[in-house]
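Notebook open, structure on screen.

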Amino acid sequence: MPEPLLVAQNLCKTFTSRGRRVTALDDVSLTLAPGETLGLVGASGSGKSTLARVLLRLLPADAGAVRLLGEDWFQLRGRALRTRRRAIQMVFQDPLAAFNPRATIGGVLADPLRIHALADRAARPMQVGALLEQVGLPASYAARSIHEVSGGERQRVAIARALAARPSLIVFDEPVSALDQSIRSEILRLITELQKSEGLTYLFIAHDLAVVRLVSHRVAIMESGRIVETGPTPQIIDNPQSSAGRALVAAVPRLALRLPS
Ligand SMILES: Nc1ncnc2c1ncn2[C@@H]1O[C@H](COP(=O)(O)OP(=O)(O)OP(=O)(O)O)[C@@H](O)[C@H]1O
């Protein structure tokens, strides 16, 4: 068994808003092996995005620890933190919210190359072109504004930006929820192909089990801030043990749950 890429142990996070306490993460532990996809699925408000934000250190945990690539991730500071940061990238549901609205696509993709010193100025345009082609877009898209392309193309740009940092792990938070069905399948295919060609590890978050099962080797089910069930995808779909798992399976038409042969 290879050493896990990421081990999260006993993560807790509570929010207080208008005097009300909400436990968003309640003792969450999970492991990601290199090259696998863990699908994280659960109803709205179950804590999926909070877990993603805590794992990326966009939000501090109240308690718990994460080992990433053998290091104590929450304890890293300064240069060591900056270096390690590029190992985890995130792709959001709405990439527009994550991009500078005035930026060109070339600018969006050149940023991580510059920030992480992965390519000098002269080499960046070629690398940007290569990244675009890797996600199925023409290199000429570099000159376009992020507003000039479709939702599916924008999501390809978001994936290319994540790839630019040469990460080990990509966290996808509802990456296809805003897309039409046909575009959705194309993006899911791209995501699985890139995993194989680049040897990437994924945490794939969605509320829809039909989407999660297409890409995930294992599934974890969240309910009220806890992971209530985890196991290989076919096992969870055929025989969910938790009430949250049974509800998620029941919410999807039988046909949509057939695993591809
Ligand atoms: N910044 C915040 N302040 C207060 N409460 C928050 C904050 N962020 C999240 N919460 C609460 O924490 C709980 C978990 O939210 P979270 O967004 O992680 O769930 P989720 O499973 O990702 O939901 P969705 O599928 O709707 O995105 C919810 O009750 C939510 O209202």
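Predicted model: local features only at pLDDT ≥ 70, side-chain atom pairs only at ≥ 80, totals over all residues.

**Entry 1: the sheet.** I began with a strand pair: E7 (residues 169–173) and E8 (residues 201–206) run parallel and are joined by five bridges. Across that pair, I found Phe-172 standing opposite Phe-204 of E8.

**Entry 2: a helix over the strands.**

**Entry 3: the ligand shell.** H1 turned up again here. I wrote down H1 (48–55), along with strands E1 (6–17) and E2 (20–32), as elements that each supply at least two residues of the shell around the ligand. H1 gives the most, with three residues. Of the 13 residues around the ligand, I listed the ones that come nearest: Phe-15, Ala-24, Ser-44, Ser-49 and Thr-50. How does the shell divide by class? I got nine polar residues, three nonpolar and one charged.

**Entry 4: H4 against H5.** I moved on to helix packing. H4 (residues 105–115) and H5 (residues 124–134) pack at about 110°, and their axes are 9 Å apart. Angles of 65 to 115 degrees count as roughly perpendicular, so that is what I call H4 and H5. I noted their crossing as right-handed. From H4, the contact uses Gly-106, Leu-109, Ala-110 and Leu-113, and from H5 it uses Arg-124, Gln-127, Val-128 and Leu-131. By class I have five nonpolar, two polar and one charged residues in this contact.

**Entry 5: H5 against H6.** Are H5 and H6 perpendicular or oblique to each other? Their packing angle is about 125°, with the axes 9 Å apart, and I therefore put H5 and H6 down as oblique. Their crossing is right-handed. On the H5 side I found Leu-131, Leu-132 and Gln-134, which meet Ala-160, Leu-163 and Ala-164 in H6. I sorted this contact into five nonpolar residues, one polar and no charged ones. Leu-131 is in my notes for the H4 contact and for the H6 contact.

Notes
Residues numbered from 1 in each chain as written. Near = placed C-beta within 6 Å. Helix = DSSP H or I, 4+ residues; strand = E, 2+ residues; numbered from the N terminus. Nonpolar A, V, L, I, M, F, W, Y, C, P; charged D, E, K, R; others polar. Pairing = 2+ DSSP bridges. Axes fitted to C-alpha atoms, helices over the stretch in contact; angles between N-to-C directions. Parallel < 35°, antiparallel > 145°, perpendicular 65-115°, else oblique. Left-handed = near helix turned anticlockwise from the far one by under 90°. Contact = placed C-beta atoms within 7 Å.
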